[in-house]
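Here is a short briefing for a reader new to this structure. Please look over the sequence and the model before reading on.

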Amino acid sequence: MNAERTWGLDIAELQRAWSSYGHDFLLHDPGGPAESLVRRGELLATVDVFEPVLARCRRWVDEVRHDAAAGVSRVLLRPAERDRCVEMAQESGGAAHHVHLGSPVMFGTPVMFGTPVMFGTGAEPGDAAAPSPPAPGTWSPRVVVDVLDTGCDPHPWFRDEAWFEPVPEVLDADDDSGQDRQAGHGTFVSGVVRRHAPGAVVRAHRVLSSLGFTDDLRVVAGLRRARELAARRGERIGALVLTSGCRTADDRCPPVLRAELARWAGAVVVAAAGNHGGTRPFWPAALDSVVAVAATGPDGAVAGFSGAGDWVDAAAPGVDVVSSYVRMSGPDGRVYGYARWSGTSFAAPRVAAAAVTALHEGRGPAEARAIACRDYPFGR
């Protein structure tokens, strides 16, 4: 099997690039059927399995860090054992600390050769003319969509709304000569929701870096924070959009992520199916409780780059999508405009918009989910 590729870089290349910024990642089973990226030398254990995990690997443990709020412990291995973290996780019943790759891939339609090698036509979003702006007004009662991504800048599509709370994009975290590859992604995704469900309230939460990665613990922390903020505001979250994910060594969802998403039964949870092609599960999209969304092209067929297994629930336009965007430019360091981008990240918010529109019309979460999947069917 060829090594998995994304954004025109294979996982090994991404590992090397990210390591230059101080991130210590381990590539497990490179090029093999269990290929996955994890944080080297770290295990995560939920409260219910922590004691047996620690009992089995205590002699290899260097340090334990408890996160009481999350109900999770980080087990840090001794230097000599750090490369054995996946093996130990499988033996102990714990979980390796999986890294989630951001879902956007490339501008244009990538061509797939085999599985899952990707060759594309570009690595950045392209310029686009301004589309019709979202219709004004907010639904009453409010219907809230939480977007876990890179943030959301005060683009004209958002900044004048009374409910809007900006989460500024990090545009150049590596301080090089240009904008980071994923910078502006959250503003773009939020714009897709806004365009197709203009009366919804969009709440942005930063869990994905401008360089294109996150991990299960950071996503879980973002999910928990979103629930807490909604409770503080007295809001009910109608839908959740997740645009990052990972493949794991055992093709099962990271336990800490699965446990947190079990608390979201009252919302329609929508996730990108990933841009690596093939049918191997991409988490958390492949969870039964989550609406996994593939991307389609202009002809309505599933795009070659899109995840397309039997765990996929819906498919929506994800090639050359146009939405709100922020770029590094101008005297203030950023300028607002529009971009054209491709990926399952941009199909998922379209399905979430259909779900919250159904909620606005008085449907319950289960029916809203069914309507969204009916409106954007995935042809197996």
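The axes of helix 7 (residues 348-360) and helix 8 (residues 365-375) come within 8 Å and cross at roughly 135°. This is a predicted model, in which local features need pLDDT of at least 70 and side-chain atom pairs count only at pLDDT 80 or more, while totals for chains, interfaces and linings use all residues. Residues are numbered from 1 along each chain as its sequence is written, and side-chain values use heavy atoms, with hydrogens and water left out.

**Helix pair**
- Val351, Ala354, Ala355, Ala358 and Leu359 of helix 7 meet Pro365, Ala368, Ile371, Ala372 and Asp375 of helix 8 (contact: heavy atoms within 4.5 Å).

**Threonine 150**
- Threonine 150 lies in the loop between strand 11 (144-149) and helix 4 (185-196); helices (H or I, at least four residues) and strands (E, at least two) are DSSP runs, numbered from the N terminus.
- Threonine 150 counts as buried because its relative accessibility is 2% (buried: under 20% relative accessible area, 1.4 Å probe, protein chains only).

**Confidence**
- The protein chain has a mean pLDDT of 85, and 87% of its residues reach 70 or more (pLDDT: the predictor's confidence in each residue, from 0 to 100).
- Over residues 1-8 the pLDDT is below 50, and this stretch has 47 contacts in the model beyond near neighbours in sequence.
- Where pLDDT is low, the predicted coordinates should not be read in detail.

Notes
Buried means under 20% relative accessible area, exposed over 50%, partly exposed in between (1.4 Å probe, protein chains only). Axes are lines fitted to C-alpha atoms, for helices over the stretch in contact, and angles run from 0 to 180 degrees between N-to-C directions.
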